[in-house]
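Subject: Structure handover

Hi,

Here is the structure I promised to pass on. Please open it alongside this note. My findings follow below.

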Amino acid sequence: MVTKKLPKNSTLSYKELGSTFSLSRFHLNAHISDKKADELWIRYLQNYQLSDDRHMFVAYIDDIDVGVVLVNVENYEATLFYVSVLKNFQGCGVGGALIHEILKYFDGFEIYTETQAKNIAALNFYIKNGFYNIDKTFTVLHRWDK
């Protein structure tokens with residue numbers, strides 16, 4: 001497995017990586033179908049613009065992108081907020097390898113992550129990878145526009 005920070009957002013398996021969630025804020029919304037929720041995440045991943053404070057780390061197995069993590073940075077704080085591993089590769093160490101790469105890259109930064117409180121699998125994943133202190137709890141509200 002190879003993990004690396006991408007210099008630009010291009011040529012990922014957007015559809016597959018954007019469709020791995022089942023307990024995201026969109027999937028838990030009774031007014032949004034799972035198909036529409038997947039479409040929103042696929043578009044979000046496609047449109048994520050990399051910069052000095054917006055980073056993308058990808059894991060590859062046999063030149064196939066099997067996992068991705070997005071990281072926003074502000075004032076020596078790095079927040080991991082989009083962790084996606086293809087279903088066939090979940091439980092194989094892909095997510096942990098990406099977290100390890102991010103921790104090395106952002107050595108000296110405060111590292112945070114975010115997930116839904118109902119997403120027990122994600123909570124256990126973060127605990128397994130060294131995230132054990134809940135710093136803040138808040139609700140995310142969305143403002144929709146036409």
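A residue is called buried when its relative accessible area is under 20%, and exposed when that area is over 50%. Keep in mind that this is a predicted model.

Start with Tyr48. Its relative accessibility is 1%, so Tyr48 counts as buried. Tyr48 sits in a loop, between helix H2 (34-47) and strand E2 (54-61). Look also at Ser10, which lies 38 residues away from Tyr48 along the chain. The C-alpha atoms of these two residues are 10.0 Å apart.

Now Glu74. This residue belongs to strand E3 (residues 64-74). Its relative accessibility is 56%, so Glu74 counts as exposed. Glu74 is also part of a patch of negative charge on the surface. The patch brings together Asp52, Asp53, Glu74, Glu77 and Glu110.

Next, the overall fold. The protein has 4 helices and 5 strands. Reading from the N terminus, the order of elements is β-α-α-β-β-β-α-β-α. Of the 146 residues, 38% are buried.

Finally, the dimensions. Along the principal axes, the C-alpha atoms fill a box of roughly 40 × 35 × 30 Å. How does the radius of gyration of the protein agree with that of a compact globule? The protein has 15 Å, and a compact globule with 146 residues would have a value near 15 Å, so the two agree.

Best wishes

Definitions and conventions. Residues are numbered from 1 along each chain as its sequence is written. This is a predicted model: local features need pLDDT of at least 70, side-chain atom pairs count only at pLDDT 80 or more; totals for chains, interfaces and linings use all residues. Side-chain values use heavy atoms; hydrogens and water are left out. Patches are made of residues with over 30% relative accessible area and no salt bridge: like charges are joined within 9 Å, nonpolar side chains (Val, Leu, Ile, Met, Phe, Trp, Tyr) within 5 Å. Accessible areas come from the Shrake-Rupley method with a 1.4 Å probe; for residues, only the protein chains shown count as cover. A salt bridge is a side-chain nitrogen of Lys or Arg within 4 Å of a carboxyl oxygen of Asp or Glu. Lys and Arg count as positive and Asp and Glu as negative; His and the chain ends are not counted. The place of a charge is taken as NZ of Lys, CZ of Arg, CG of Asp or CD of Glu. Helices (H or I, at least four residues) and strands (E, at least two) are DSSP runs, numbered from the N terminus. Buried means under 20% relative accessible area, exposed over 50%, partly exposed in between (1.4 Å probe, protein chains only). The radius of gyration is taken over C-alpha atoms; the globule rule is 2.2 Å times the number of residues to the power 0.38.
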